[in-house]
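I opened the notebook with a plan to look up a few side chains and to write down what I found for each.

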Amino acid sequence: MPDSVVVYGSLISKKEHSALDVIEEALPVRVEGFKRVFNQEATWRKGSGRNRAVLNVMRSKENWFNGILLTGFEMRDLEALDERERGYERIEIEKGLIEFYDHPAEPRGRIWTYTGKKIRSDIMPIPSYLDLCIEGAREWGEKFYQDFLDTTFLSDGRTLREFLQADK
């Protein structure tokens, strides 16, 4: 039975995850028990100065994040994704932590996500990466986008919504 992966950063963009070729379905979900933060130092994306952060999720009883459940991964596909996501560790998520946005469904197979190994508290988002993530969140509808703004944090504790409003 194929596995699934919950993605939460650039891979929520349909343009980005469609390049993976193995996906059977892409479904918007909420994942309880994790906090999404711009505190992972980029491994292969280009940043400069303090702007070197990409997204990460860390276990947190008080938080949740939204993402896209991509289904259809065989072990060889996961290993290829592991290479793309170097700098992260693939971890299994319990099925009971997943809630679907649009329709009730039961995830099949094992469910994975990635958590960072190069965490820094002194870095800010890479602007081009941030733009890609925001564009991707908008593709999944207004509710998903608003949730993305409110459940994404900077390493200084501000939500992405607060950061974007302060930037205007």
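Which residues are exposed on the other side of α2? I kept in mind that I was working from a predicted model, and I found that Arg76 and Ala80 are the exposed ones there.

**Entry on helix α2.** I then listed the buried residues of α2, which spans residues 75-84, and noted Asp77, Leu78, Leu81 and Arg84. They cover an arc of only 105 degrees around the axis, so they lie on the same side of α2. When I looked up what covers the buried residues of α2, I found that the cover includes β1, α1 and β3, together with β4 (88-93) and β6 (111-116).

**Entry on the aromatic rings.** I noted four aromatic pairs in the structure. For the pair of Tyr8 and Phe65, I recorded ring centres 5.6 Å apart and planes at 75 degrees; since planes over 60 degrees apart count as edge-to-face, this pair is edge-to-face. The pair links distant parts of the chain, 57 residues apart, with Tyr8 in the loop between β1 (3-7) and α1 (14-18) and Phe65 in strand β3, residues 51-73. I checked the accessibility of both partners and found Tyr8 buried at a relative accessible area of 6%, while Phe65 is buried with a value of 0%.

I next took Phe34 with Phe65, where the ring centres are 6.2 Å apart and the planes stand at 90 degrees, so this pair is edge-to-face. Phe34 lies in strand β2 (residues 26-41) and Phe65 in strand β3, so the pair ties together parts that are 31 residues apart in sequence. Phe34 is buried, as Phe65 is, and I wrote down Tyr8, Phe34 and Phe65 as one aromatic cluster.

**Entry on charges over rings.** I looked up two arginines and found that the charged end of Arg30 sits over the ring of Trp64, 3.6 Å from its centre, and that the charged end of Arg90 sits over the ring of Trp112, 4.6 Å from its centre.

**Entry on Thr71.** I placed Thr71 in strand β3 and asked myself why Thr71 counts as buried. Its relative accessibility is 11%, and buried means under 20%, so Thr71 falls in that class. I also noted that the side chain of Thr71 reaches the backbone nitrogen of Glu25 at 3.0 Å. Leaving aside its neighbours within four places in sequence, I found Thr71 in contact with Asp3 and Ser4, and also with Val22, Ile23, Glu24 and Glu25.

Notes:
Residues are numbered from 1 along each chain as its sequence is written. This is a predicted model: local features need pLDDT of at least 70, side-chain atom pairs count only at pLDDT 80 or more; totals for chains, interfaces and linings use all residues. Side-chain values use heavy atoms; hydrogens and water are left out. Rings of Phe, Tyr and Trp (its six-membered ring) pair if their centres lie within 6.5 Å; planes under 30 degrees apart count as stacked, over 60 as edge-to-face and the rest as tilted. Helices (H or I, at least four residues) and strands (E, at least two) are DSSP runs, numbered from the N terminus. Buried means under 20% relative accessible area, exposed over 50%, partly exposed in between (1.4 Å probe, protein chains only). A charge sits over a ring if NZ of Lys or CZ of Arg is within 6 Å of the ring centre and within 35 degrees of the ring normal. A polar contact is a pair of N or O atoms within 3.5 Å; within protein, one must be able to donate a hydrogen and the other to accept it, and residues adjacent in sequence count only if both atoms are side-chain atoms. Contact means heavy atoms within 4.5 Å. The arc is that of the directions from the helix axis to the C-beta atoms.
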